[in-house]
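Take a look at the structure below. The paragraphs after it lead you through it step by step.

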Amino acid sequence: MNSLSTYLIISALLFSLGLLGILQRRNLIGMLISVELLLNAANLNFMAYNRFLAPDPVVGQVITLFVMGLAAAEAAIGLSIILALYRKMHSINIEAAQKMKG
Amino acid sequence: METSGLNTILQFAFWVTVALTVAGAAIAVFPRNILYNVLGLALALTGIAGFYLFLGSLFVALMQLLIYVGAICIAIVFAIMLSRPLHISAPPRPPVKMWLSILASAVFFVGVVSVALKTKWQCAAGHVYKASQWSVENIGNALLTRYELVFEVISLVLLVAIIGAVITAGYSRRISS
């Protein structure tokens, strides 16, 4: 119903907000939230291209589903790493996690 | 007359969805309180599910609600609950880093939008939009024929991730001590 570029601009906006979040947050959970925003912007792009340009209408949806599954795995691993880090460091600020710096 | 009225309502709903999504993304990034971030993320993800509806795929929209809003946001809330107490305030951000990151993401945004607007997008040769092609049946067929290997590998990845998460979060104290 709307044109392809509308969706592209929306997803670019979401992606740059997520990028901003990754670059300036120092809270690990905040960075994880920004990563979810990035993945969703990419998903929205896949779906928009699929709707407006692609010859086979299934491919984009299948890729979106795969990305969702991988994002679930990533969130589970990331959150458990954050919990383990909190137990060790008593902080989830990434600037506190400098043990390997030497 | 009837269809044009319907179109106006649809356009209005679309822009409301856009506003909700962008506002949710802004709430997910800017406030310092991490709980507001999670709620903003849930709002933005729901808005994206609305976009999938506008694009014509009910199944993917439902999966978005189920997996992202239902599972990932709840998991993040649990991680917040188990980690740092909310009343301890974080040290302020250094302004130089903030301005640099704003600059970087603004450059990225301008670059991507100008590329997206300047390109003349052309449909692929066989592109036909039919609502019947977006059915769940077609997705199931593709998942179990052409993409079956990927499907199985992703389920393996999920299994390994779950086991790894349990080990990392549950046994880390025992391993480290």
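**A glycine between two chains**

A:G30 touches A:G21, A:R25, B:I34 and B:N37, leaving out residues up to four places away in sequence. Two residues are in contact if their C-beta atoms, placed from the backbone, lie within 7 Å. Residues are numbered from 1 along each chain as its sequence is written, while chains are lettered from A and ligands numbered from 1 in the order in which they are written. This is a predicted model, where local features need pLDDT of at least 70, side-chain atom pairs count only at pLDDT 80 or more, and totals for chains, interfaces and linings use all residues.

Where does A:G30 sit? A:G30 is in helix α2 of chain A. Helices (H or I, at least four residues) and strands (E, at least two) are DSSP runs, numbered from the N terminus. Is A:G30 buried or exposed? A:G30 is buried, because 25 other C-beta atoms lie within 10 Å. The cut-offs are these: a residue is buried if 20 or more other C-beta atoms lie within 10 Å of its own, exposed if 12 or fewer, and partly exposed in between, with C-beta atoms placed from the backbone. Now step along the chain to A:A41, eleven residues apart from A:G30. The C-alpha atoms of A:G30 and A:A41 are separated by 17 Å.

Next, take the whole helix. α2(A) has 25 residues. From its first C-alpha to its last, α2(A) reaches 37 Å, close to the 36 Å expected at 1.5 Å a residue. That expected span is 1.5 Å times one less than the number of residues in the helix. In α2(A), 19 of the 25 residues are buried, so this helix is largely enclosed by the rest of the structure.

The largest nonpolar core has 64 residues. Such a core is a set of buried Ala, Val, Leu, Ile, Met, Phe, Trp, Tyr and Cys residues joined through C-beta atoms within 7 Å. Chain A supplies at least two residues of this core from each of α1, α2 (28-52) and α3. In soluble globular proteins, nonpolar side chains tend to be buried together.

Which residues have the most contacts inside the core? They are A:I29 and B:I76. Follow B:I76. Leaving aside neighbours within four places in sequence, B:I76 is in contact with A:I29, A:L32, A:I33, A:L79 and B:V38.

**Where the chains meet**

Step back to the contact between the chains. It takes 73 residues from chain B and 61 residues from chain A. On the side of chain B that touches chain A, α4(B) gives the most, with twelve residues. The residues of that side divide into 55 nonpolar, 14 polar and four charged. Here Ala, Val, Leu, Ile, Met, Phe, Trp, Tyr, Cys and Pro count as nonpolar, Asp, Glu, Lys and Arg as charged, and the others, Gly among them, as polar.

Now look at α4(B) itself. It has 24 residues and reaches 34 Å from its first C-alpha to its last, close to the 34 Å expected at 1.5 Å a residue. Of its 24 residues, the number buried is one, so α4(B) lies largely in the open.

B:S101 counts as partly exposed, because it has 18 C-beta neighbours inside 10 Å. Not counting residues up to four places away in sequence, B:S101 touches A:L20, A:L23 and A:Q24. B:F108 is also in helix α4 of chain B. With 15 other C-beta atoms within 10 Å, B:F108 is partly exposed. Leaving aside neighbours within four places in sequence, B:F108 is in contact with A:S16 and A:L19.

**Chain B and the confidence**

Chain B has seven helices and zero strands. Of its 177 residues, 24% count as buried.

How far does the predictor trust the model? The pLDDT is its confidence in each residue, from 0 to 100. Chain A averages 86, and 97% of the residues score at least 70. Chain B has a mean of 85, with 88% of its residues at 70 or more. In chain B, confidence is lowest in α7(B), at a mean of 56, and highest in α2(B), at 92. For the complex, the predictor gives an ipTM of 0.89 and a pTM of 0.87.

How values were computed
pLDDT = per-residue confidence, 0-100.
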